[in-house]
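Below are some numbered notes for a colleague who has not looked at this structure before. Please read them with the model open.

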Amino acid sequence: NFLQDENNVVYDYSIPIEYQGKDGLPLEEDVTITIAVAATSEATEGVEFSLSETNFTIPAGEKIATASIQVISENLNSADPKTLVLEIVSSSQTVSDKNETAIVLQAICPSELEGAYTYSDGNGRSVTVDVTGAGTYSVSADNAFTGEYPLYISDVCVDITITCGYLQDNFGIAVSGSGSVDEATGVITLVYTADGYFDNRTMTLVP
């Protein structure tokens with residue numbers, strides 16, 4: 001996620017390039033690699049990003065070199081994120097079939113959802129929303145189960161997505177959902193599904 005605001009920040013984003021031998025160990029000689037933007041890339045160089053360096057050397061005895069792109073936040077569209085695909089186009093050593101990497105250039109707006117909330121529906125419990133990253137949060141519990149099973153959400157310009165949760169990570173129960181934020185009141189409304197338990201359950205978080 002890349003914050004988009006009046007500062008129009010250009011973000012440096014690092015991408016590791018790894019090469020190792022069949023035994024999983026680094027080679028005893030330098031490996032030279034050239035990367036390029038793949039034809040399948042939705043993002044356009046010079047618009048959403050720039051790629052200043054394309055030639056890299058992984059020194060003998062090491063596995064990783066680091067590429068970098070510059071993400072032009074001013075030109076991102078939060079409602080239509082573009083995917084950048086980079087590929088290895090040449091190497092001094094044989095490259096595996098897995099020679100591409102994809103980065104979603106998702107713009108987010110300033111987000112301040114962290115704090116204490118109470119559910120106005122369901123079990124009416126009090127919960128906390130904590131920051132986990134840029135535009136991402138954990139909600140300490142839902143409004144359905146007696147136990148406290150956190151869920152994880154992302155905020156893209158007041159459009160909420162439930163991305164994962166404790167139930168999925170620990171019990172294999174798939175969770176999903178969406179929601180929104182009322183910018184005037186700060187109320188967060190979630191529509192939450194836990195497979196096998198409930199579908200599209202409304203959960204309303206009141207600050």
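1. The charged end of arginine 201 sits over the ring of phenylalanine 198, 5.6 Å from the ring centre. The test for this is NZ of Lys or CZ of Arg within 6 Å of the ring centre and within 35 degrees of the ring normal.

2. On the basis of these notes: the model is predicted, local features need pLDDT of at least 70, side-chain atom pairs count only at pLDDT 80 or more, and totals for chains, interfaces and linings use all residues. Residues are numbered from 1 along each chain as its sequence is written, and side-chain values use heavy atoms, with hydrogens and water left out.

3. Phe198 also belongs to a cluster linked by ring pairs, together with Phe145, Tyr149, Tyr166, Phe171, Tyr192 and Tyr197. Rings of Phe, Tyr and Trp (its six-membered ring) pair if their centres lie within 6.5 Å; planes under 30 degrees apart are stacked, over 60 edge-to-face, and the rest tilted. The whole structure holds nine aromatic pairs. In one of them, tyrosine 166 and phenylalanine 171 have ring centres 5.9 Å apart and planes at 65°, so this pair is edge-to-face. Tyrosine 166 has a relative accessible area of 30% and is partly exposed (buried is under 20%, exposed over 50%, partly exposed in between; 1.4 Å probe, protein chains only).

4. The largest nonpolar core has 24 residues, and Leu113, Val139, Leu151, Leu190, Tyr192 and Leu205 have the most contacts inside it. Such a core is a set of buried Ala, Val, Leu, Ile, Met, Phe, Trp, Tyr and Cys residues joined through side-chain atoms within 4.5 Å. Among the elements that give two or more residues to this core are β10 (115–119), β13 (151–156) and β17 (198–206). The most comes from β16, with four residues. Another core, of 23 residues, lies apart from this one and includes Phe56, Ile58, Ile69 and Ile103.

5. How many salt bridges does a search of the whole structure find? There is one, between lysine 82 and aspartate 80, with the closest N and O atoms 3.0 Å apart. The criterion is a side-chain nitrogen of Lys or Arg within 4 Å of a carboxyl oxygen of Asp or Glu. Lysine 82 is partly exposed at 27% relative accessibility, and aspartate 80 is partly exposed at 36%.

6. As for the whole chain, 36% of its 207 residues count as buried. Its C-alpha atoms fill a box of roughly 60 × 45 × 25 Å along the principal axes.
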